[in-house]
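Subject: Handover of a structure

Dear colleague,

Please find below the structure that I am handing over to you.

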Amino acid sequence: MPGKTKVLERKPLSIAERTYLPQIVTGLKTTLSNLFGKTVTREYPEQPPPIPDGYRGVPTLVKDPNGREKCVSCQLCEFVCPPKAIRITPGLIEEESEDAHVEKGPEEFEINMLRCIYCGLCQEVCPEEAIWLQNIYSVSGYTREEFINNKQTLYELGGTLPDEHLKWDKKKSAEDEGNPHH
Amino acid sequence: MSDNGDQELVEIFVDDQSVKVPPGINAIEAAKFAGKEIPHYCYHPKLSVVGNCRMCLMEMGTPMRDRETGTPIMEEDGSQKIGWIPKPVIGCSTTISPGMHIKTESNLVKDCQEGVMEFLLVNHPLDCPICDQAGECSLQEFAMDYGRGYSRYTERKNVKPKRTRLGPRVTLDDERCILCSRCIRFGQEIAEEDVLGFIDRGSFSTLACHPNHELDHNYSLNTVDICPVGALTSTDFRFKMRVWFLKETPSICTESSVGTNTLVWSREGKIHRITPRRNDAVNDTWMTDSGREYYKRVEAESRLNQFQINGNTADAGAAIQEAARLLDSGRSAIVASGQQSVEEQYLTKMIADHLNAPVYMARHWEKGDGLLLSEDRMPNTRGALLTQLTTKLPQETLSELGEKMNSGEIDTLLVAGENLIDLGISNEQINKANVLFLGTQSNSTSEEANVLLPGLTVFEKNGSFVNLNFILQKFQQAVPGPAGLIPDIMLLGKLLHRLTGNETPTNINSVWEELSSKYPEFTGISFANIPTEGQELDGANYTQLDFPETKSLKFNPVNS
Ligand code: SF4
Ligand code: SF4
Ligand code: SF4
Ligand code: SF4
Ligand code: FES
């Protein structure tokens, strides 16, 4: 065999070392200090994490405080969505409806959560503040279809958000009162 | 530019840049030659000039001359002095003159544009999210390009009627109207149905239809096209799809022999609307309302989308083979059609020649409207003449064919889309004969057909038509056809191959190689080099034929 081999002589263990006790005590000290100290982990999923402001979770559709669906199916979000996760079928609001003055609303609205990358561009582009990425972050399912949120699901997830502008209510009252003519 | 040489052009200066432009045009058109845009709303190249929107304000000056002697007044540097008009002028009604100077970008012009935009937007609703015009709206575009970018208006906006039904196909939103009067002038000058007008005054001016009238003529949707904003919208297209998703494909309307140039707007294989495409030699910027409905045939219930042999679904190969077997009876005839493209007519002619089969064509003549709907409701009758598929004009009925069927001289028919029942052939005669039907829509003939060869609509294939002025125009595939169908050219080419055993052209380029080598009228043409505005062919050989067309927008009959 080439090279040099040096044989080291193994030192015999002391009594303390042979009983392992000091080592166990040191270990237990660490364990006990963590057991009674501040908790640093979370009992997920029983204990959900706090969601910070501006968090970008699952995109949802919202209604205004009067229960009117805010989306007018302008399809800007569909256009801006980078992975093409959004699919909208625009529709006409019938003249008999209470919201007839809005004229247009989505007949169907689908967001494919297998495609969505949670970028938030849809929320940013929406001129009606109708689509919001809220705090749902965990999506699961057994089939691909389950990941496609349709209009009904989107409104269930979205709920109601406060609205500062109430643009369409103002529009309606202007229509009712009119501007003096002649 | 004009073919007549440069001497006709006049030199003008747009923002100090010298350009040569044809005489007699206005400053808006002239600025385009310099690559400059003068924003405008009320001006439309095919309508009279009214100058009511003031968006086209610009500065203008002409070379100065001494009033008494007429000698040019010179600057110190030797150039002719320009007499600038102290106030801005409107470009739409400024006809250019030699040496004219115009400024489109000066501070004064910018101020004017910002001011006009601000006034236009004062009472304009915040409707873009629900407005069909968004994406192709001049108000949006010019607000971005020439507006001030913010609003100083805090008062309440005027309220006007929304969602007004003007006619069966047009919906009006008065709040969005900018009172340019294009739609009114179109009714007066082009459609000659003067039903629109303004009522009330000042900022309450409102577009309305005359009482007891409707905007229901067959050109009403052109008002939607020329409305620079979303005031006039198409009821059919309303809220269907955003225009920015739509792909535009140049096509040709098959409604009549006028061959109106169109754009087919589709998204992911679905057609959403058809609009006219400007062609000054054919249809200017207009088209009929009825022609816009043709896209509905693609998904119509009557659409044929399966090859069939004796009523049973078959695959394309088997159906073509069976068709060839039946056609080879030695007693076959062909009922061709002016709906077929030039290429398909050529292949049909090849089949007829090989079989020695007589070719019949039926006329579809109706009343024309003197504008863009001609008497001949076939887009390509002249194509059939040029390809020598037929030598005479289509016949009123097919009684001659009927007689030959009775006498047993003919027992097999290849029918291109026609319904024989309407053309004087009886049910019994059809039942007795072998009928091969090639077409897109079912009718009583297709129901009786032994072999059904479903074709593609004009929106699903490439090809060309020859219009009433012998202008060869091509259409292009906008959407894919139904699964399993093949282009008619391929279908006819394969059928010809089955019959002759020879190699036959099955795509549009190889058909054109043969067309251009065989017919003097088509010499030098290939499908790719047919210009989008069409190519005029020599129709001199056909002047003696008694075509049904009377005078229309761009057509003057030779024989009258
Ligand atoms: S968050 Fe981004 S990816 Fe998801 S739907 Fe909105 S735009 Fe599309
Ligand atoms: S951008 Fe907003 S209003 Fe427009 S379709 Fe999307 S959610 Fe609806
Ligand atoms: S007309 Fe133009 S600016 Fe006005 S709402 Fe429609 S898209 Fe917007
Ligand atoms: S409806 Fe349209 S085309 Fe007619 S005046 Fe108003 S803006 Fe002009
Ligand atoms: S385009 Fe000149 S005034 Fe309207």
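Predicted model: local features only at pLDDT ≥ 70, side-chain atom pairs only at ≥ 80, totals over all residues.

Residues are numbered from 1 along each chain as its sequence is written, chains are lettered from A and ligands numbered from 1 in the order in which they are written, and side-chain values use heavy atoms, with hydrogens and water left out.

Ligands

Around ligand 1 there are 13 residues, where a residue is counted if one of its heavy atoms lies within 4 Å. The closest are A:C81, A:C116, A:C119, A:G120 and A:C122. By class, this shell has 12 nonpolar residues, one polar and no charged; Ala, Val, Leu, Ile, Met, Phe, Trp, Tyr, Cys and Pro count as nonpolar, Asp, Glu, Lys and Arg as charged, and the others, Gly among them, as polar. The shell of ligand 2 includes A:C71, A:C74, A:C77 and A:C126, and its classes are nine nonpolar, two polar and one charged. Ligand 3 has residues of chain B around it, among them B:C128, B:C131 and B:C137.

Chain A and chain B

In chain A, 30 residues are in contact (heavy atoms within 4.5 Å) with 25 residues of chain B. The two chains bury about 2400 Å² between them, and carbon and sulfur atoms give 53% of this; buried area is the accessible area (1.4 Å probe) that two parts lose on being put together, summed over both. There are five salt bridges between the chains, each a side-chain nitrogen of Lys or Arg within 4 Å of a carboxyl oxygen of Asp or Glu. One of them joins A:E103 to B:R238, with the closest N and O atoms 2.6 Å apart.

Domains of chain B

Chain B is divided into domain 1 (6–117), domain 2 (155–299) and domain 3 (308–542), with bounds from an automatic or database domain assignment. The centres of domain 2 and domain 3 of chain B, taken over C-alpha atoms, are 34 Å apart. These two domains bury about 2500 Å², 61% of it on carbon and sulfur atoms. On the domain 2 side, B:I252, B:T254 and B:S257 supply 24% of the buried area, more than any other three residues. Between domain 2 and domain 3 of chain B, the count of salt bridges is zero.

Yours sincerely
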